[in-house]
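These are my notebook entries on a structure that I looked up. I set down the terms as I came to need them.

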Amino acid sequence: MKARANIFIRNLVRLSAWTALARAGLLAMALGSAAPASAADSDGLTLEQRVKAAFLYQFAGYVEWPPMTFAQPGAPVTIGVVGAAPLAAELAHVAAGRSVGGRPVTVRRIRPGESLAGVHILFIGRDESARVGQIARNALPQSILTVTETDGALDLGSMINFIVVDRRVRFEVALDSAERGGLKLSSRLLSVARQVRTGTP
Amino acid sequence: MLSAIARSIRHKLALVVLATTLAALLVTGVSLVIYDLRAYREAGLDDLAAQADIVGRASAPALAFDDPKAAGEYLGLLGAKPAIAAAAIYSAKGKLFASYTRKNLDLQLPSLPEPDVARVDGASLVIFRRVVENNEILGTVYMKADYQVIGRLADYLGIFGAVTLFSLLVGLGVFAWLQRALTAPLLNIAGVTRQVVERKDFSVRAQRTTQDEIGDLADAFNAMLAEIGRRSEALEQSNRFLEREMAERQRADAELRRLNEELERRVAERTSQLEAANKELEGFSYSVSHDLRAPLRAVVGFSKMLIEDHAGQIDAEAQRKVGVIQSEAQRMGMLIDDLLAFSRLGRKEMSSADIDMTGLARSTFEGLRAQHEGAAPEFRLDTLPRARGDRVLIGQVWANLLSNALKFSAKRDTPLIEVNAVTDEKDHIFFVRDNGAGFDPRYQSKLFGVFQRLHHSSDFPGTGVGLALVQRIVVRHGGRVWADGKPGEGATFYFSLPRGAPHGNA
């Protein structure tokens, strides 16, 4: 893994056009495209988690929140993370200094029982799988995009759920849930979704 | 072909029209082709850039969410656009993420993406376009499309050739229609020129059909023709006049020649008649003279016998009368002798010899003086030039002239006879001068006639043949005789002989 990272660094150096801003995203994709999902990095973070962190950040660009969600045009997009502590840390690292659609991205750890006010995207880690239904229900009226990594989470009210297919991180989308939450997901996002659920079966 | 163009103004005009058309078409065509190929390239690159942007935008989520399959599906849609030969998406890292290649095309895709660039690469347009979302480079789109510039150029050349051909044909048609207005008047003038040259007819005129320079040319040409016509007519007239004059002159010449010939013929005729008559006359006078001598001798002889034999029977008066008969008969005999000498001279052959004129004149004078009665005259003889002639005849001339001088000066108290000569370019002129009776110059013309006498024979005896004989001899020698004198003051008789020239014939 280290060797691959080194190659990546060398490539970075060679392609001088690449900016430092691109670094995290590239890292995520580089790892996501080839690394085994379960392999762990030196700091305890798995490649799968790195990719998911990158994806989480990317989702912000393909979601349209209700008009009243943001107080002002330049207000930040806040990603809330329930559980999955390493991923939250990685996400904070990735999102630092970045913006999506002219908005900076901030990351907030959500502890059990903590208010979801001001959160736009909420990731519920595998370790909090049991609470997915409850949290999703809480989040729904607040127009929060809920993202999970638990099989069958879409049935529990989650809008986007990470899955691993052929050792790649993919995701499925519950368009009906998003609509209920007043969110519009870009068709471009849907085009890369593994599966899109549009209504009650 | 070239010589045909050089000969005919029509071909030259056609060439001008066609060349102009061709040049205009060439300039237009080349400009259009250059412009269009440029536009084609720009449009192709713009189009490809737009395609790349669309692909990039569409494949951005696939890149963002690491979904090569979805990206491949997007690229597969490019199959609807056959001009695109290949397309590829590279990840931000530079790895090939997804690719598309037109069917049946074996193409090596670039192993690494390049920065944003759009260029022509041989027969292809190539573009690299970065995919950027939220200020992040997600990857690069690569596209390669056909760039059929050669084909397009070939199409253009084909169209251009066809248009050119058609334009030239139309141009030729228009020219054929218009050139009549331009060349017809010129050809008209050229035709008239040919007519003038071939037929020498200056009365033809070129027709003025236009109001342009060719019309002016026709007018000028006509004026020139008129002038030439006038001049040639004047020339012909003058030639005719000259010919007439010449003919007249020739006729006059011929007439003159004819008259001359006629005259010569008549002169010759007359001359021969005269010669014949002269001969006849000479013969007649000779025979008459000769025949007269016999009866005369009888008259003289018998009258002499009458006096000698019958002196006693006739009285003195009768004897005197017989004496008169005798003397008159003797005079007649002298006359006849002179006449015979004169007529003989016409028939006698002349000899030619160098004569010592001084000696001849002296000896002749001495002979005459011996017979002369009366006072001896003073005789002055200068040295005379020598001359050529018949010695006997010239001696006769001297004898006659000197005897005349003796005779006519005899009555002077101191008779003087002077003989001398002068020489001019052609002749020696001899003269005999005396201080005798002289003569009246009015009768000079009669001096040298036969039987012409200026003095009565009783004053100066003579037959009247002497000077005629002198004249005849001198003329036969090619000279002439003349005289001057006054009554009572003497006379001078001249005769000339040619210097050294052979004697003529009289």
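Helices (H or I, at least four residues) and strands (E, at least two) are DSSP runs, numbered from the N terminus.

I noted that this is a predicted model, in which local features need pLDDT of at least 70 and side-chain atom pairs count only at pLDDT 80 or more, while totals for chains, interfaces and linings use all residues. Residues are numbered from 1 along each chain as its sequence is written, and chains are lettered from A and ligands numbered from 1 in the order in which they are written.

**Entry 1: the chains**

I looked up chain A and found 7 helices and 10 strands. Chain B has 9 helices and 12 strands. I took a residue as buried if 20 or more other C-beta atoms lie within 10 Å of its own, exposed if 12 or fewer, and partly exposed in between, with C-beta atoms placed from the backbone. On that count 42% of the 201 residues of chain A are buried, and 24% of the 506 residues of chain B.

For contacts I required the C-beta atoms of two residues, placed from the backbone, to lie within 7 Å. Considering contacts between residues at least 6 apart in sequence, I found that 56% in chain A join residues at least 24 apart; in chain B the figure is 65%.

**Entry 2: helix H3 of chain A**

H3(A) covers residues 47-59, 13 residues in all, and reaches 18 Å from its first C-alpha to its last. This is close to the 18 Å expected at 1.5 Å a residue, the expected span being 1.5 Å times one less than the number of residues. I recorded 13 of its 13 residues as buried.

I then asked at what angle H3(A) and H4(A) cross. Their axes cross at roughly 50° and come within 9 Å; axes are lines fitted to C-alpha atoms, for helices over the stretch in contact, and angles run from 0 to 180 degrees between N-to-C directions. H3(A) is therefore oblique to H4(A). Angles under 35 degrees count as roughly parallel, over 145 as roughly antiparallel, 65 to 115 as roughly perpendicular and the rest as oblique. The crossing of H3(A) and H4(A) is right-handed.

The residues that H3(A) brings to this contact include Ala53(A), Leu56(A) and Tyr57(A), and those of H4(A) include Leu87(A), Leu91(A) and Val94(A). I counted the contact residues as 9 nonpolar, 1 polar and 3 charged. Here Ala, Val, Leu, Ile, Met, Phe, Trp, Tyr, Cys and Pro are nonpolar, Asp, Glu, Lys and Arg charged, and the others, Gly among them, polar.

**Entry 3: helices H2 and H4 of chain B**

H2(B) (residues 9-64) and H4(B) (residues 149-199) pack at about 155°, with axes 8 Å apart. H2(B) is therefore roughly antiparallel to H4(B). Their crossing is right-handed, and the contact residues divide into 20 nonpolar, 7 polar and 2 charged.

**Entry 4: backbone at two loops**

Most residues other than glycine have a negative phi. I found that Ser143(A), not a glycine, has a positive phi of about 55°. Ser143(A) lies in the loop between H5 and E6 of chain A and is partly exposed, because it has 18 C-beta neighbours inside 10 Å. Asp66(B) has a positive phi of about 55° and sits in the loop between H2 and H3 of chain B. Asp66(B) is buried, with 25 other C-beta atoms within 10 Å.

Note on methods. A crossing is left-handed if the near helix is turned anticlockwise from the far one by less than a right angle, and right-handed if clockwise.
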